[in-house]
Amino acid sequence: MMVGLTGTPGTGKSSVAAELERRGHRVVHLVDTVQPYILEEDRARQTMVVDTDRWVAGFEPVDGIIEGHLAHLIPCDLVVVLRCRPDVLRRRLEVRGYPGAKIAENVEAEALDLILIETLDEHPAEHVLEVDTTDLSIEDCAGLVERFISGELPPSCGSID
Ligand code: ADP
Ligand code: MN
């Protein structure tokens with residue numbers, strides 16, 4: 001089974017993935033797979049422009065968790081969308097030292113449910129779990145992901161509030 005772990009930067013994908021890896025899950029970091037598909041560097045936005053169509057087409061399915069903010073574009077069996085209240089997300093990105101424009105862009109994307117909307121464009125609602133990380137520990141977030149994978153926790157899509 002292939003499980004996508006997606007979310008706006010700062011929602012906790014890397015942290016939750018590291019905890020899941022510690023618990024014995026196989027984890028693939030998508031940032032390690034995009035290199036051959038980089039079209040250009042967007043210097044102003046301090047980000048890489050990826051040929052996502054070719055990247056998705058070339059992605060070899062894995063039995064495990066794939067982590068990254070493009071994970072929902074891969075045809076996974078299940079997708080977990082990490083969320084964070086925008087004011088808290090802003091603080092997490094400030095601590096990380098992101099430039100102001102990049103913080104604003106990501107905080108706005110999170111407030112507009114952008115990744116969730118993209119996820120539901122690609123996957124049926126019953127394959128999607130939203131996890132609000134705002135007031136949860138990384139361990140608790142990982143626990144919810146495990147319960148969703150095992151079928152113990154129902155999907156939660158649509159419950160944005
Ligand atoms: P992402 O990989 O989605 O960009 P990270 O895992 O790198 O997110 O986390 C971004 C920042 O937010 C880090 O400083 C991390 O310690 C913090 N963080 C992540 N998840 C939580 C959480 N559940 N509670 C508090 N802080 C968190
Ligand atoms: Mn990350």
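I began with the contacts of G12 in this predicted model, and, leaving aside its neighbours within four places in sequence, I found G12 in contact with L82, T133, I138 and C141. I then looked up where G12 sits, which is the loop between β1 (2-7) and α1 (13-22). Because 25 C-beta neighbours lie inside 10 Å of G12, I noted this residue as buried.

Next I turned to the annotation, and the unreviewed UniProt entry places the feature "binding site" at G10, G12, K13, S14, S15 and R96. These residues span 87 residues in sequence, yet no two of their C-alpha atoms are more than 14.3 Å apart, so I recorded that they gather at one spot.

Is R96, another residue of that annotation, buried or exposed? I counted R96 as exposed, because it has 11 C-beta neighbours inside 10 Å, and I located it in the loop between α3 (86-95) and α4 (100-111).

I went on to the largest nonpolar core, which has 29 residues, and the ones that touch the most other members are L5, V16, I66, V80 and V145. The elements giving two or more residues to this core are β1, α1, β5 (64-67), β6 (78-83), α5 (114-122), β7 (128-132) and α6 (138-149). For L5 I listed the contacts beyond four places in sequence, and they are K13, V16, A17, I65, I66, E67, A71 and V80; K13 also belongs to the annotated "binding site" in the UniProt entry.

Last, I noted another core lying apart from the largest one, with 5 residues that include C84, L89, L93 and I103.

How values were computed: Residues numbered from 1 in each chain as written. Chains lettered and ligands numbered in written order. Predicted model: local features only at pLDDT ≥ 70, side-chain atom pairs only at ≥ 80, totals over all residues. UniProt positions renumbered as here; feature names shortened; annotations may be inferred. Helix = DSSP H or I, 4+ residues; strand = E, 2+ residues; numbered from the N terminus. Buried ≥ 20, exposed ≤ 12 C-beta atoms within 10 Å, placed from the backbone. Contact = placed C-beta atoms within 7 Å. Core = buried A, V, L, I, M, F, W, Y, C linked by C-beta atoms within 7 Å.
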